[in-house]
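Below is a short briefing on selected residues and their surroundings. Please read it alongside the sequence and the coordinates.

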Amino acid sequence: MAYKDEQLNEEKVFKDPVHRYIHVKDQVIWDLIGTREFQRLRRIKQLGTSYLTFHGAEHSRFNHSLGVYEIVRRILFNFQDRPNWDNQERLLCLCAALLHDLGHGPFSHSFEKVFKLNHEDFTKKIILGNTEINKILKKVGEGFPQDVADVINKTYENKLVVSLISSQIDADRMDYLQRDAYFTGVSYGHFDMERILRVMRPVEDQVVIKQTGMHAVEDYIMSRYQMYWQVYFHPVTRSAEVILSKILHRAKYLYEQQYQFKLNPTHFLSFFAGEVDLEEYLRLDESIVFYYFQAWVQEDDEVLSDLCERFINRRLLKYIEFNPNQQMNEWMELYKLFQAIEVDPEYYLVVDSSSDLPYDFYRPGEEEERLPIHLLQPKNNELKELSRQSDIVEAISGKKRTDHKLYFPLDVLENLPEGRPEKKRIYEILFG
């Protein structure tokens, strides 16, 4: 029997709080889960700094990756006897689902911005490089690692396969919305996934939804909308992200200034230099980052020490609503006032903006083109775009919402002497 068809003697199951059980029968999948590169995802939080806002949000990319695999497995079970679906691509879909987040680094997006990295590039490098993952995928077929990478990179020729992992209603989103809702304890992210899976149908180039499932999809879209604004863009989480980002910026700046760290930042050196190889990337996980942050609290550099102490002990920055497009003069005055009181505005006066587009229809030629969700009509099998059928989705379709906050250390301002004119003016600008 070929390795790609090899089955375990007995099905393995992972107990899961979201899907109840995650089922593994394929030897390939079981072997991939056991690799060092996949096990590393246990040490990368799914929600970055959100645990400082929602204390239950300690779940990992490992949990999520298994969940996406399980949803795709269920979808393909429903697809196996349907037209337009080639079951030869089943294992490819399962592997891509399992490995789609493989390249995430510690605190994912904040980390990427500082060091100008892209987790998708590292996912590709892990799949195609000299890794345990690559060796297993090559046993399936010489070109199989490239096929898996292409699916995750959205360049695979069969767009139906890609849409299972990456579209406006895909297994990735369906897992993280439910999983993140469960672990944060909020109710927004729940929707009837079982219903959606039952009404999914494969057609050429994409997965569509039967018309009878429209209300379940409406619920899914609204769940996504609420989760972004109530959880992912929560202002307290963003405060923690601001501090995290500034710690990394400060450490990089000090390294460039040839500052002598008490603890040499060995694991960060290649990141500071912008020359990160795959092995160095895989060695850096959140446990290592926390170790350095703890150590840097003792550094002589006051900014680095203070920022690390704030992050470790959750002494976060306060915030106000602040639109930089309309309040630039106020921001510039605040910048000078912070310099006058010897508080470095580069690190302690930060505008953070978040924006989201919860659902969009396809507009050819525009940046970030998005394939819409199509509803399959029962009488003639015609496809109709979701927002043309749903008043609820039409109301939010194509509308980008942006939120701006200004973050600052209120505790530092409160400790300024009452007689200082700068303090009075700062308070006037911040609080009116």
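Ile126 touches Glu37, Leu102, Gly103, Thr131, Ile133, Asn134, Leu278 and Leu282, leaving aside residues up to four places away in sequence; contact means heavy atoms within 4.5 Å. The model is predicted: local features need pLDDT of at least 70, side-chain atom pairs count only at pLDDT 80 or more, and totals for chains, interfaces and linings use all residues. Residues are numbered from 1 along each chain as its sequence is written, and side-chain values use heavy atoms, with hydrogens and water left out.

**Ile126**
- Ile126 lies in helix H6 (residues 119-128); helices are DSSP runs of H or I with at least four residues, numbered from the N terminus.
- Ile126 counts as buried because its relative accessibility is 0% (buried is under 20% relative accessible area, with a 1.4 Å probe and protein chains only).
- Phe38 is 88 residues from Ile126 along the chain, and their C-alpha atoms are separated by 9.9 Å.

**Asp285**
- Asp285 sits in the loop between helix H15 (278-283) and helix H16 (286-296).
- With a relative accessible area of 5%, Asp285 is buried.
- The side chains of Asp285 and Arg43 are joined by a polar contact of 2.5 Å (a pair of N or O atoms within 3.5 Å; within protein, one must be able to donate a hydrogen and the other to accept it, and residues adjacent in sequence count only if both atoms are side-chain atoms).

**Trp296**
- Trp296 touches residues including Ile247, Phe261, Phe268 and Cys308, not counting residues up to four places away in sequence.

How values were computed. Helices (H or I, at least four residues) and strands (E, at least two) are DSSP runs, numbered from the N terminus. Buried means under 20% relative accessible area, exposed over 50%, partly exposed in between (1.4 Å probe, protein chains only).
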